[in-house]
Amino acid sequence: DSWRMPITGNIGLRVVAYKNKAAGAFVLPYYTAPISLTPVSSYAACNADGSTPGCVTRGGNGVANVLQFTVAKSYQPVSGSHSQVDVLPSLNVQIIPMPEMAPQLKVRLAASQGVSRPSFSQLNPGGSVSGTYVGTYQAYFNGTVGNANLKPEKAEQFDASIEYYFQTGGLIHFSPFYKQIHNYIAQGSNLQSITLPAVVAGGRTDQGTMGCVAPITIGESCPQTVQAAMIQWVNEKQNAIVRGFEAGVQKYFDFLPDPFNGFGVDANYTMLSSSQPGALAYDMKGNKINGLPMVGLSKNTFNIAAMYDKEPVSIRLAYNWRDDFLVTSAAYQTTNTYNYALNQAATSNGVMQGTVVHYSLPVFQYPMGTLDANLTLTLTDNVQWTFMASNLTKTVARLYMGVGDHRENRSWYTAD
């Protein structure tokens, strides 16, 4: 029976019960000074001299005569809950394909289902909305709010690994993997109607009553509804997928004479592709952006560490490099609305005159590498002294927004 391959493994089954409930509120925008909240799509275009009916000249420009409002500070209650039960199987197998010739060679196979619950910060239903109309045609209302109705992510994952263990210690491995994630949790942006408890504070009705009951009087309650671009954690409707492989080696140079046999190397390289087709990202014309990767995953990642271990000293000098990666598909100041100016042609660049455009530009980080160091000195069996230094290369992390030819630098920072 020497030709037979030793096979070991295990089969598992987990039952996970999940239940959450949260309640809170988010702050609505409020204005103590009179402001116009007229829906921009209802404005009539004004000539520069203000000669258009319903318009006047202010600051050298023609602007609409509209009602103005004040809005008291208020809150909108938000609550939600979710519960479910999952049965999660798993299978792990280890094979020694050549037990006589190469017992150090092992093959591992794994298949399983798993769940990842949303964090408390993602479930927090609190948030806020802010914004105003600027001038006559441009509207800016946006905000953030949590999502107490989030479901856990559920994944089917398949892993394999070919590993060779050196007789004197260390190993080399190659590990392909595949994962499909249901209910992928990511930040998304969508337009929501927000009703404000507005009170008439002035202005005129040349361009409409804005839903107020005639005759209109100062101090009259007249709720106003605006469209706000809200950033919120969501369960994407389409599955996210990641596939790729990792290759690595870990080895001390034990063939060298003492004390140089304490030197070693630990290196690995990962190549992967990922997709989240359910991402809620939109370009400056309001078109959905497709083909985004999953958040935080680079196509290529490389790490190499030079090691030295000889009592009482342990040293690590590590260089880590990664490709660009998606930070978020919806970020503060890259998500908002604007109104396509009415003084443009009836249709320009595919956008209708007066359209309220909702955009949400994804944010990426450029490729970068950093060098870190760690020194540990063992003083006694119970006392160690450790010195750590990060980003010795003083690498600057740089972010950009948008995709393809339509991307712009956004911000940069450094940490050390």
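Guide: The questions below concern strand pairing, aromatic rings, charged groups and the nonpolar core of this predicted model.

Visitor: What makes strands E1 and E6 a pair?

Guide: Strand E1 (residues 7-27) and strand E6 (residues 75-95) are joined by 21 bridges and run antiparallel. At least two bridges are required, so the two strands count as paired. Within this pairing, alanine 22 stands opposite glycine 80 in E6.

Visitor: With which strand does E6 pair over six bridges?

Guide: With strand E7 (residues 105-116), again in the antiparallel sense. Here serine 90 stands opposite serine 112 in E7.

Visitor: How many aromatic pairs are there, and why is the pair of tyrosine 164 and phenylalanine 166 called edge-to-face?

Guide: The count comes to nine aromatic pairs. For tyrosine 164 and phenylalanine 166, the ring centres are 5.9 Å apart and the planes stand at 80 degrees. The distance is within 6.5 Å and the angle is over 60 degrees, so the pair is edge-to-face.

Visitor: Why is the pair of phenylalanine 364 and tyrosine 400 called stacked?

Guide: The rings of phenylalanine 364 and tyrosine 400 lie 5.3 Å centre to centre, with 10 degrees between the planes. An angle under 30 degrees counts as stacked, so the term applies to this pair. Phenylalanine 364 belongs to strand E24 (residues 363-365) and tyrosine 400 to strand E27 (residues 396-403), so the pair ties together parts that are 36 residues apart in sequence.

Visitor: Are phenylalanine 364 and tyrosine 400 buried or exposed, and what are their values?

Guide: Phenylalanine 364 has 8% relative accessibility, and tyrosine 400 has a relative accessible area of 4%. Both values are under 20%, so both residues are buried.

Visitor: What makes lysine 251 a charge over the ring of phenylalanine 166?

Guide: Lysine 251 lies over the face of phenylalanine 166, at 5.7 Å from the ring centre.

Visitor: Why is the contact between lysine 154 and aspartate 86 called a salt bridge?

Guide: The closest N and O atoms of lysine 154 and aspartate 86 are 3.5 Å apart. This is within 4 Å, so the pair counts as a salt bridge. It links distant parts of the chain, with lysine 154 in strand E10 (residues 153-165) and aspartate 86 in strand E6, 68 residues apart. Lysine 154 is partly exposed at 22% relative accessibility, whereas aspartate 86 is buried at 7%.

Visitor: How do you know that aspartate 258 is exposed, and with which residue does aspartate 258 form a salt bridge?

Guide: Aspartate 258 has a relative accessible area of 55%, which is over 50%, so the residue is exposed. Its salt bridge is with lysine 310, at 2.7 Å from N to O. Lysine 310 is partly exposed, with a relative accessible area of 27%.

Visitor: Which residues have the most contacts inside the largest nonpolar core?

Guide: The largest nonpolar core has 22 residues, and those with the most contacts inside it are Leu37, Phe69, Ile194 and Leu196. Among the elements that give two or more residues to this core are strand E5 (67-71) and strand E12 (185-196). Leaving out residues up to four places away in sequence, leucine 196 touches Leu28, Pro29, Leu37, Val71, Pro223, Gln224 and Val226.

Methods:
Residues numbered from 1 in each chain as written. Predicted model: local features only at pLDDT ≥ 70, side-chain atom pairs only at ≥ 80, totals over all residues. Heavy atoms only, no water. Helix = DSSP H or I, 4+ residues; strand = E, 2+ residues; numbered from the N terminus. Phe/Tyr/Trp six-rings, centres within 6.5 Å; stacked < 30°, edge-to-face > 60°. Buried < 20%, exposed > 50% of the residue type's maximum accessible area, 1.4 Å probe, protein only. Lys NZ or Arg CZ within 6 Å of the ring centre and 35° of its normal. Core = buried A, V, L, I, M, F, W, Y, C linked by side-chain atoms within 4.5 Å. Contact = heavy atoms within 4.5 Å. Salt bridge = Lys/Arg side-chain N within 4 Å of Asp/Glu carboxyl O.
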